[in-house]
Amino acid sequence: MKAGDTLYGICDKLDVTFKELKKMNPKITENSVIHIGDKFVTQQAVPLLTVRTVEVSTFAEKVKYKTVYKKSSSYYQGEQVVQRSGSNGKAKITARLVKENGKTVSRKDLNKEIIKEPISKIVLKGTKKVPPKKGTGQLQRPVAVGVYRGYGPRWGRWHYGLDYAAPTGTAIRAADGGTVISAGWSGAYGLRIMIDHGGNIKTLYAHCSAIYVSAGQQVYKGQTIAAVGSTGRSTGPHCHFEVFKNGSNVNPANYV
Ligand SMILES: [Zn+2]
């Protein structure tokens, strides 16, 4: 420090910010009293020598799996279904590594041996033409499995729907085209969807783990609208399905 120097004056002169100066001199603050003859570190130390090494090294490395898309007429246009999940492989690499101060700066692979082949992920892309987004008057079952529990008395109460037991995540499809009336949480039903198909027919899908549509949306018959789950009052993953005619529950088994 010379007479007349200030901390900010020094910053200006050295072309560093106060923050940078402080980083190199942690003890100073903006209010530090400085004296003639005080010394500051104004530059960080850097190694004087760069040690460059060249070595041939063998090591294992991950081989990322590929994703393959296949067309499928089993699914509607816009639908994508993972048919097989992928898994990474492993390779034994022999490479020439150039290092500077222990850090690799360039690498040239001399040999690559696949120890474990990666398994490609297969995604099916639907090609089936999407039906009109309105009721056809004919319902289909919402989940592609048999009925697990029917309509009628159960445990002293009336069971107003059909239960389709299937693993969590299984597609729930609209029984017919129509307009989504509601989609969201509904107490004991958990995540629930209701659809108006016109002709005074409505359907209800409950205990979903996920919902893919929202109120007011038009859907087509067979569209994936939700995923099977066990939300609300439920003892295991299943889709509880109800049918209403003129506002009253009817046995869905007479419709699907
Ligand atoms: Zn049920």
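**Entry 1: the metal site.** Before looking at the metal I noted the rule: donors are N, O and S atoms within 2.8 Å of the metal (3.2 Å for Na, K and Ca), and water is not among the atoms, so sites may look incomplete. I also noted that this is a predicted model, where local features need pLDDT of at least 70 and side-chain atom pairs count only at pLDDT 80 or more, while totals for chains, interfaces and linings use all residues. Residues are numbered from 1 along each chain as its sequence is written, and side-chain values use heavy atoms, with hydrogens and water left out.

Which protein atoms are the donors of the zinc ion? I found His159 (NE2), Asp163 (OD), Asp163 (OD) and His240 (ND1), lying 2.0 to 2.8 Å from the zinc ion. Written along the sequence, the spacing of these donor residues is H-x3-D-x76-H. His159 belongs to strand S8 (residues 157-159) and His240 to strand S17 (residues 238-245), so the pair ties together parts that are 81 residues apart in sequence.

Next I checked the geometry. Four donors count as tetrahedral if all angles lie between 85 and 135 degrees; four count as square planar and six as octahedral if opposite donors are over 155 degrees apart and all others between 65 and 115; anything else is irregular. The angles among the four donor atoms of the zinc ion are 51 to 153°, and the site is irregular. For orientation I jotted down that ideal angles are 109.5 degrees for four tetrahedral donors.

His159 is buried at 5%, and His240 is buried at 7%.

**Entry 2: salt bridges.** I counted a salt bridge where a side-chain nitrogen of Lys or Arg is within 4 Å of a carboxyl oxygen of Asp or Glu. The count comes to seven salt bridges.

One of them joins Glu55 and Lys99, at 3.6 Å from N to O. This pair links distant parts of the chain, with Glu55 in strand S1 (residues 52-63) and Lys99 in strand S4 (residues 89-100), 44 residues apart. Glu55 is partly exposed at 30%, whereas Lys99 is buried at 19%.

Another salt bridge is between Arg107 and Glu61, at 2.9 Å from N to O. Arg107 sits in strand S5 (residues 103-116) and Glu61 in strand S1, 46 residues apart. Arg107 is partly exposed at 38%, and Glu61 is partly exposed at 30%.

I then looked at Glu79 and Arg173, whose closest N and O atoms are 3.2 Å apart in a salt bridge. Glu79 is in the loop between strand S2 (67-76) and strand S3 (80-84), and Arg173 is in strand S10 (residues 171-173), so this pair ties together parts that are 94 residues apart in sequence. Glu79 is buried at 12%. I also saw that salt bridges with shared partners join Glu61, Arg107 and Asp109 into one network.

**Entry 3: cysteines.** How many disulfides are there? With a disulfide taken as a pair of cysteine sulfur atoms within 2.5 Å, I found zero. Cys208 is in no disulfide, and its nearest cysteine sulfur, that of Cys239, is 6.0 Å away. Cys208 is buried at 0%. Cys239 is in no disulfide either, and is buried at 0%.

**Entry 4: strand pairing.** Two strands pair if DSSP finds at least two bridges between them. S2 and strand S6 (residues 121-128) run parallel and are joined by seven bridges. In this part of the model, Val68 stands opposite Ile122 in S6. S3 pairs with S6 in the antiparallel sense over four bridges, and Val82 stands opposite Val123 in S6.

**Entry 5: positive phi.** Which residue of the loop between strand S12 (191-196) and strand S13 (201-208) did I look up? It was Asn200, a residue other than glycine with a positive phi near 65°. Asn200 is exposed at 52%. His207 also has a phi near 65°, but His207 is in strand S13 and is buried at 5%.

Conventions. Helix = DSSP H or I, 4+ residues; strand = E, 2+ residues; numbered from the N terminus. Buried < 20%, exposed > 50% of the residue type's maximum accessible area, 1.4 Å probe, protein only.
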